[in-house]
Every structure is written in structure tokens, then in C-alpha cells.
Amino acid sequence: MNAQLVALAVFDGISYAALVFLVAVGLTLVFGVLRVLNVAHGSFYALGAYATASVGGAIFAAGYAPWLAFPLMLLAAVLIGVLVGGPIEKFLLGRIYELEDVLQILVTFAVFMILEDVQRLIWGGQPFFEATALNQLGTVTVFGITYTVYQLIFLPVVAIVVLIGLRLGLRRTLTGRLITAVTEDREAAVTIGIDVERIYLITFIIGASLAAFGGALASATTSVVPGMGADMIVLSFAVVATAGLGQIEGAAVTALLIGLGRSFAVYLWPELEVLIPYIIMFGVLLVRPSGLFGTVQARKI
Amino acid sequence: MTTRAQILRVLPYALLLALALVPQVYPAAQVLLTLALAKSLAVLGVIVLLQAGQVSFGHALFFAIAAYAAAFLGNSMGGGEIVLSLVLGTVCSAAVALVVGVFIVRYRHIFFGMLNLALSMIFFSFLEKFYHVTGGSDGLSVARPRVLGMALERGPFELVLFYGTLGLVIGALVLTHRFLSSPVGQMMRAIKTNEVRLEYLGVSARNVLLAGYVLSAALCGLGGVLMSTAQGIVTPEYAWWVRSGEFVFIAILGGAGSVGGAVVGTLAYEAVKTYAAAFAADIWQMILGVVLLVVILFAPNGLIGLFRSWTRRIGSAPERTGDRAGDRVGAGE
């Protein structure tokens, strides 16, 4: 493996990790606050991708300016977070917080199954491809390798902005501090008068929007096909579990670890590509049962 | 006078009798029922773990291990012997469960589920990639085995397989019920209610869970061998996570509180799936999703629980004996 291949693998890994991070951080944020592992998170990712690719394809065919691709992604993400994520939390998840973990996961699994068929009904089975955003930014040559600016620079920058924005938002804004308070101790938060239900709804919408945003960004680099949501949810579960549940910075580090591991596997041992996330997760959890950055929780007696 | 206890006592036997009469009354459903009964064994395995409050998203692993082990054995012996295949497959699954279980029982909840998923996906990839050993995504064909040394034609073989599967399911139900009523089974339930208390009693929660894990893997293995024998082929899809998810789905649908939920759930699930796939092919997944939601929100004890509350309403003398409707999955701490 020469230096160029190493660089190529690193570039692939970084751009892939940026997308995985956006989805995984939403999942871990929602888990941290709601204590529900949301399987339907993968559906938001797929919906974001489908919405961006299909609407983008339609408006660019109608002759609108190509730079609109970027605001479109943001718009699609927010709309899906509010219009799809919002009602799901409000009318469905809101009713199941008293149930046991297993049943909560299965409720979100049911939502996932329903949304899978909704996608099929709306967009059919054929793949969508809409690379206007990718082509807009052109290419750059680093270490003799020509790579798209979109994947090498834009995606990682977006991921870093989201990471810093989330951290600052949680520390500095009122809503962010309320979210942190509910994450730390829900009962205490209720006692001092925080409207926990509203915080749950806001957090869920943010999380769903992040997943949809990941899908919107991914739609420029890959074909949008049925089943993409399932692949992504399994992968982001692996990232979240490896990082430790509820860890935001941990999710970034782990996404990078798994992204790089995967892209190196593509060049060195392609058979292992899909296995790398599981192998990393397995290895990490064997040594650190709560994940890389997870803390051991006190058990109730 | 019909009392609730009488209905509850008679109904399981009536259901089994109805099942046993299917080849005579409605032969078209015989093969489908064989497959459903084989699957119900794996669901039973998942129900065992649910007693301890743990859910595995990778139990198809043990389903596939046993099916492949039986296929290798059968193909190396030119057909093989069904009894030998069943024993070998089940033992293989149980042995693998014993080895990986030593690590896996250290984890709970989502970590437990995810590690099982990881293992099953690793095995799935292994089956797909190592083409020269496993036949890749085409899988391996399973030759029709002999039954106690007799080579049977297709028709009689399928009939024998149906009754054999039905017998094994009944045996497994009785055995699992006895396991769950035994001290070890009660301790498994204690893991769900309060594991720390269990440890204070001087019991190793890990060893208890390991016993349940091995039993559940053996049940999955038994189901896997029967399924592959009935289908005549085994593919990597046997280990896919969708299949694992299906097992968990059916367990909740049927009712995870009792062993009978496995059979009732599987029969109901296969019926819905067959009709949904025939009349609403585009939205069958959506139908299953809606059914799952309705069951969890309005009937958390599954079909078995629905039936129990129905008999309670029509029964003239409400009794509490043997009523385990309280130990629904949702009855956490």
C-alpha cells in the first residue's frame, strides 16, 4: 500500500465519517434525553435523502440556479424533523415512556417498518441520483490525488460546525441548558418546573433533523435507494454503542475511527468492509463495557 | 358452566388437535405450517431471554449455525439421517452459545442486543464471502435425509416432518415451561426485576443468564435445522438481522409472558404475512408495523394476554390461580 493509497483511504474515511457522525450524533442526543433508542432514526436519514434528491432533480430540471441545492438540503432536513419527527414524538413516543426498554425499541422499530413502506409508496423502487451540489464545488488536488471539494472539505466542515454548534448550543442557550438538565436528572428537572415534555419534543426534532440532514448531504454523493435507512441505522447504532450512549464528542471520535477503519478495509481486505464497524464495536465493548467514553451508571437496588 | 379455568385448560389441546388434523383436512397448508412451527421454536428461544428482560437482535445466528451444520453433515453423508442432523445442529448452536455467551452475558439491554447483532452479522458476512465453503449467497442445498434409516418419498417425508416438528414443538414447550418454573428460571425473571438483589442472595446472575442463553440458542438451532430440512436449502439469509428482528416481533405479538405465545404468535404472524403479501404486496411491511404498534399500545401481553382477558370477562367465576398476566414484558422495576 503506497502513500497515495493511504491518502486516498484517509480521504474516503473522513468524508464517510462526517456523514455517519451527523446521523449518529442525532441518535445519541435523542437517547441521552429521551432514553429511547430510536430505530426509526434511519428512516429520517432516508427521507432526507429522498426529499433532497427528488425535489432537487425537479427544480434543477425546471432551470433554477444550482446553488439552491445547499439551502434545499437544510430546508428538507428541518421540514422532515418538524413534520415527520414532531408528530411521531408527540403522538406516539409520548405514550410509551413508561414502558420497558424492549417495548420502546420495538415501537420505534414498528415506525421504521411503516416509514420504509411510505418511502416505497412515494418514491417507488428505482434509485435517485442528484449530484448538483457535488459538481458545484468542483475538485481539489491534494498529494497528487484529485478529490471532490464537497466530500473532502465541505462534509467534514459541516460535521465540525454541527459538533461545535451542538456543544455551544447545549452550554450557552437556555433551551440547551434545559436539555442538559433533563439529561442529567429528569426527576429533578421536573421538580424545578422544567416542561420535560416540551424538551423531549424539541430534542427529538433536533435529532430527527440531524439524521435527515445527513441523508440530504449523502444524497449528493451516492444513489438514493430503498434500504439505505436500514444500513445507516445499524451503522450508527454501532457508532453510538462504541462511543458510549449519550456521548456527543465520543460519537465524533468513533465515527472517524469506524470511517477510517472501513475505508482502509476497502483497499486492504474488501471482504471485511461491512464487518469493520462490528469488529471495532465488539473489540471496544469487550474491553470497555460502557463504550469508549461511557461512564458506569449507578444501579438501583 | 364454562369457567375461565376450563377454557384455559382445554384450549391449548384443542389448538394442538386442530394442528394435528391439518394434513387430513387442509393438506395445502401442511408445508406452510411446518415452516411456521419450525420458526416458533426460534421464537420460543427469544421468549426465554425476554423473561430476563433481555432482547437479542441476533438470534438468527444460532438458527443459521445449526442449519448449516446439518447441511454439511447431510451432504457429507449423501443425505444423512434426520435425527442425527437435529442432534448435531442443536448441539452446535448450544456449544457456540456457551462460548460466546460467557462474554455476552456480561452485558445488558441495548449492549446485549447489539453484541448479538454484531455476532450474527459477522457470521452472515462469513457465509456470503467464503463462497467455496458455504456456497455464498446461493447457499447450500439440503438433500432429503433418511428417517430412522428409511429413505422416504417426498409426500410421506413431508408428512413425517410435519408431525415430527409438531411433536418437537410440544416437547420444547413443555421443557421450556418447566425450565422457567424451575429455580433457575425464576432467577432469570429476577434478573429483569432486580439483578442486584439476586447477586446479594449469592446467585451469579451471569451464570443464570448463561443457562438461559444456551437454552434459547438450542431452541433456535432446533428450529433452524427443521426449517432448512423443510425448505431443502439453507442461505445466508438465515443469519440476517431481519430474521432476528422477526423472531422478536413474533414473540411480542404472541405474548412474551408465556411459552404458548411462541406458537400462537407465529401462526398469527404467518397468516397475516401470507395474506398481506398476496393482497397488499406494497404495504405488507406497513401492515406488520401497524399490528406491532397496536399490540404494544393496546395489548402489551400479546395475543395470549388478549385471550386471557377475554376469558376472564366471560368466565363466571373469576379466579387468580395460574394467572400470570401480571408478568408482562412491560412490568420492569
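Me: A crossing counts as left-handed if the near helix is turned anticlockwise from the far one by less than a right angle, and as right-handed if clockwise; which of the two describes helix 10 of chain A passing helix 11 of chain A?

Reply: Helix 10 of chain A passes helix 11 of chain A in a right-handed crossing. The model is predicted, with local features needing pLDDT of at least 70 and side-chain atom pairs pLDDT 80 or more, whereas totals for chains, interfaces and linings use all residues. Residues are numbered from 1 along each chain as its sequence is written, and chains are lettered from A in the order in which they are written.

Me: What makes helix 10 and helix 11 of chain A oblique to each other?

Reply: The axes of helix 10 (residues 228–243) and helix 11 (residues 248–268) of chain A come within 8 Å and cross at roughly 120°. Angles under 35 degrees are roughly parallel, over 145 roughly antiparallel, 65 to 115 roughly perpendicular and the rest oblique, so this pair of helices in chain A is oblique.

Me: Why are helix 6 and helix 7 of chain A called roughly perpendicular?

Reply: Helix 6 (residues 149–172) and helix 7 (residues 174–184) of chain A pack at an angle of about 85°, with their axes 5 Å apart, and these two helices of chain A are therefore roughly perpendicular.

Me: Which residues of helix 6 of chain A meet helix 7 of chain A?

Reply: A:Gly169, A:Leu170, A:Arg171 and A:Arg172 of helix 6 meet A:Gly176, A:Ile179 and A:Thr180 of helix 7, where contact requires C-beta atoms, placed from the backbone, within 7 Å.

Terms used: Axes fitted to C-alpha atoms, helices over the stretch in contact; angles between N-to-C directions. Helix = DSSP H or I, 4+ residues; strand = E, 2+ residues; numbered from the N terminus. Contact = placed C-beta atoms within 7 Å. Left-handed = near helix turned anticlockwise from the far one by under 90°.
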